[in-house]
Amino acid sequence: MVVAMDEWLDAEWIEERARAFHALSNPRRLEVMMVILAQNGHEVSVSDIQAALPAISQPSLSQHLTRLREAKLTYVRQQGQWRHIRAAKPQALKALLCDIL
């Protein structure tokens, strides 16, 4: 028996969730996301993330942040040379990660 998808469960919705899960499937990106979520919706600078995760090189961190932004999990605000990151939906992401983990 085939079950029809509800209107809200369309191909675009599924694709967005798949991108988010794919982005979070990398252990380093998950670590980065957890540092961002620990800010409780507030911004954190890239240098602060780097300080919290010294095992991740700056070029790698930049790539991980790009993937998280592309997956629509984070917002980036540029201020001069500084980039400030915050979670797109911190409460929903925290709930999702707590349920999974």
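## Before we start

This is a predicted model, where local features need pLDDT of at least 70 and side-chain atom pairs count only at pLDDT 80 or more, while totals for chains, interfaces and linings use all residues. Residues are numbered from 1 along each chain as its sequence is written, and side-chain values use heavy atoms, with hydrogens and water left out.

Let's begin with helix 1, which covers residues 11-24. Helices here are DSSP runs of H or I with at least four residues, strands are E runs of at least two, and both are numbered from the N terminus. From first C-alpha to last, the 14 residues of helix 1 reach 20 Å, close to the expected 20 Å; that expected span is 1.5 Å times one less than the number of residues.

Which residues of helix 1 are buried? They are A20, A23 and L24, where buried means under 20% relative accessible area, exposed over 50% and partly exposed in between, using a 1.4 Å probe and protein chains only. The three sit on the same side of helix 1 because they cover an arc of only 100 degrees around the axis, judged by the directions from the helix axis to the C-beta atoms. Over on the other side, A11 and H22 are exposed.

## The largest pocket

The largest pocket has a volume of about 390 Å³. On a 1 Å grid over the protein atoms alone, a pocket is an open set of points with protein on both sides within 12 Å along at least five of seven lines, and lining residues have an atom within 4 Å of a point. Of the 15 lining residues, R17, A20, K72, L73 and K89 are the closest to the centre. Helix 1 gives the most to the lining, with 6 residues.

## Salt bridges

There are 5 salt bridges in the structure, each a side-chain nitrogen of Lys or Arg within 4 Å of a carboxyl oxygen of Asp or Glu. One of them joins E15 and R19, at 3.8 Å from N to O. These two are 4 residues apart in helix 1, so about one helical turn separates them.

E16 pairs with R17 at 3.3 Å and with K72 at 3.9 Å. Because K72 lies in the loop between helix 4 (58-70) and strand 2 (74-79) while E16 is in helix 1, their pair ties together parts that are 56 residues apart in sequence. Through shared partners, E16, R17 and K72 form one network.

Conventions. 1 Å grid on protein atoms, 1.4 Å probe; cavity = no way out; pocket = protein on both sides within 12 Å on 5 of 7 lines; lining within 4 Å. Points joined across faces, edges and corners; volume = space filled by probe spheres on them.
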